[in-house]
Amino acid sequence: MLTSVDTDLIRVLADPLRLRIVTLLAEETLCTTHLVEETGAKQTNLSNHLKVLREAGVVDTEPCGRFTYYRLRPEAIEALAGRFADLARTARATAGANRKRSCP
């Protein structure tokens with residue numbers, strides 16, 4: 001069953017730019033400058049999206065001089081993926097059982 005935390009995370013990841021950021025961070029730790037180059041987004045827009053991802057627990061930050069590097073937290077993605085895997089298993093198990101509610 002999906003919780004409100006799960007649905008909040010789904011909303012966070014539903015934004016195309018945030019999903020692109022997460023995809024890039026899955027491959028390597030990047031600073032804002034790198035993410036601006038890779039996405040073509042404005043720095044202020046990107047910073048706002050990174051803040052949302054950070055507050056949702058999807059990314060961690062690592063200060064390095066005057067730059068801040070961002071790293072994906074795989075456990076956040078794995079937890080959500082596990083919930084979807086559970087839903088798929090439940091759907092598979094009940095599909096063969098021909099379970100359905102009667103209409104009133």
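# Close-up views of a predicted model

**View 1. An open sheet of three strands.** Three strands make up an open sheet, ordered β1-β3-β2, and their pairing is antiparallel. Its edge strands are β1 and β2, each of which pairs on one side only. Helix α4 packs on this sheet and touches β2 and β3. The direction of α4 makes about 120° with that of β2. As with every view here, please keep in mind that the model is predicted.

**View 2. The hairpin of β2 and β3.** Let us follow the chain through the two strands of the hairpin. Strand β2 covers residues 59–64 and strand β3 covers residues 67–72; six bridges join them in the antiparallel sense. Two residues lie between the strands of this hairpin. In the turn, Gly-65 has a positive phi of about 65°. Which residue of β3 is the bridge partner of Val-59? That partner is Leu-72. Further along the pairing, Thr-61 stands opposite Tyr-70 in β3.

**View 3. The pairing of β1 with β3.** Strand β1 is made of residues 30–31. It pairs with β3 in the antiparallel sense, over two bridges. Here Cys-31 is found opposite Tyr-69 of β3.

**View 4. The nonpolar core.** The largest nonpolar core holds 19 residues. Those with the most contacts inside it are Leu-13, Ile-21, Leu-25, Leu-35, Leu-46, Leu-53 and Val-58. At least two residues of this core come from each of α1 (4–14), α2 (16–27), α4 and β3. Which helix gives the most to this core? It is α2, with five residues. Two members of the core, Ile-21 and Leu-25, have views of their own below.

View 5. Ile-21 sits in helix α2. Is this residue, Ile-21, buried or exposed? Ile-21 counts as buried because its relative accessibility is 0%, below the 20% limit. Leaving out residues up to four places away in sequence, Ile-21 touches Leu-35, Leu-46, His-49, Leu-50 and Leu-53. One of these, Leu-46, is 25 residues from Ile-21 along the chain, and the C-alpha atoms of the two are separated by 8.9 Å.

**View 6. Leu-25 and its surroundings.** Once residues up to four places away in sequence are set aside, Leu-25 touches Leu-30, Leu-35, Val-59, Tyr-70 and Leu-72.

**View 7. The packing of α2 and α3.** Two packed helices are described by the angle between their axes and the distance between the axes. For α2 and helix α3 (residues 32–39), the angle is about 115° and the axes are 11 Å apart. Their crossing is right-handed. From α2, the residues Leu-17, Arg-20, Ile-21, Leu-24 and Leu-25 meet Leu-35, Glu-38 and Thr-39 in α3. How many residues of this contact are nonpolar, polar and charged? The contact of α2 with α3 divides into five nonpolar residues, one polar and two charged.

**View 8. Thr-32 in helix α3.** Thr-32 lies in α3, and it counts as buried because its relative accessibility is 14%, under the 20% limit. Apart from residues up to four places away in sequence, Thr-32 touches Gln-43, Leu-46, Ser-47, Leu-50, Thr-68 and Tyr-70.

**View 9. His-49 in helix α4.** Helix α4 spans residues 43–55 and includes His-49. With a relative accessible area of 11%, His-49 is buried. Neighbours within four places in sequence aside, His-49 is in contact with Asp-15, Leu-17, Arg-18 and Ile-21.

**View 10. Thr-7 and Leu-80.** Thr-7 belongs to helix α1. Its relative accessible area is 29%, so Thr-7 is partly exposed. How far apart in space are Thr-7 and Leu-80, C-alpha to C-alpha? They are 9.3 Å apart in space and 73 residues apart in sequence.

Methods: Residues numbered from 1 in each chain as written. Predicted model: local features only at pLDDT ≥ 70, side-chain atom pairs only at ≥ 80, totals over all residues. Heavy atoms only, no water. Pairing = 2+ DSSP bridges. Helix = DSSP H or I, 4+ residues; strand = E, 2+ residues; numbered from the N terminus. Buried < 20%, exposed > 50% of the residue type's maximum accessible area, 1.4 Å probe, protein only. Contact = heavy atoms within 4.5 Å. Core = buried A, V, L, I, M, F, W, Y, C linked by side-chain atoms within 4.5 Å. Axes fitted to C-alpha atoms, helices over the stretch in contact; angles between N-to-C directions. Left-handed = near helix turned anticlockwise from the far one by under 90°. Nonpolar A, V, L, I, M, F, W, Y, C, P; charged D, E, K, R; others polar.
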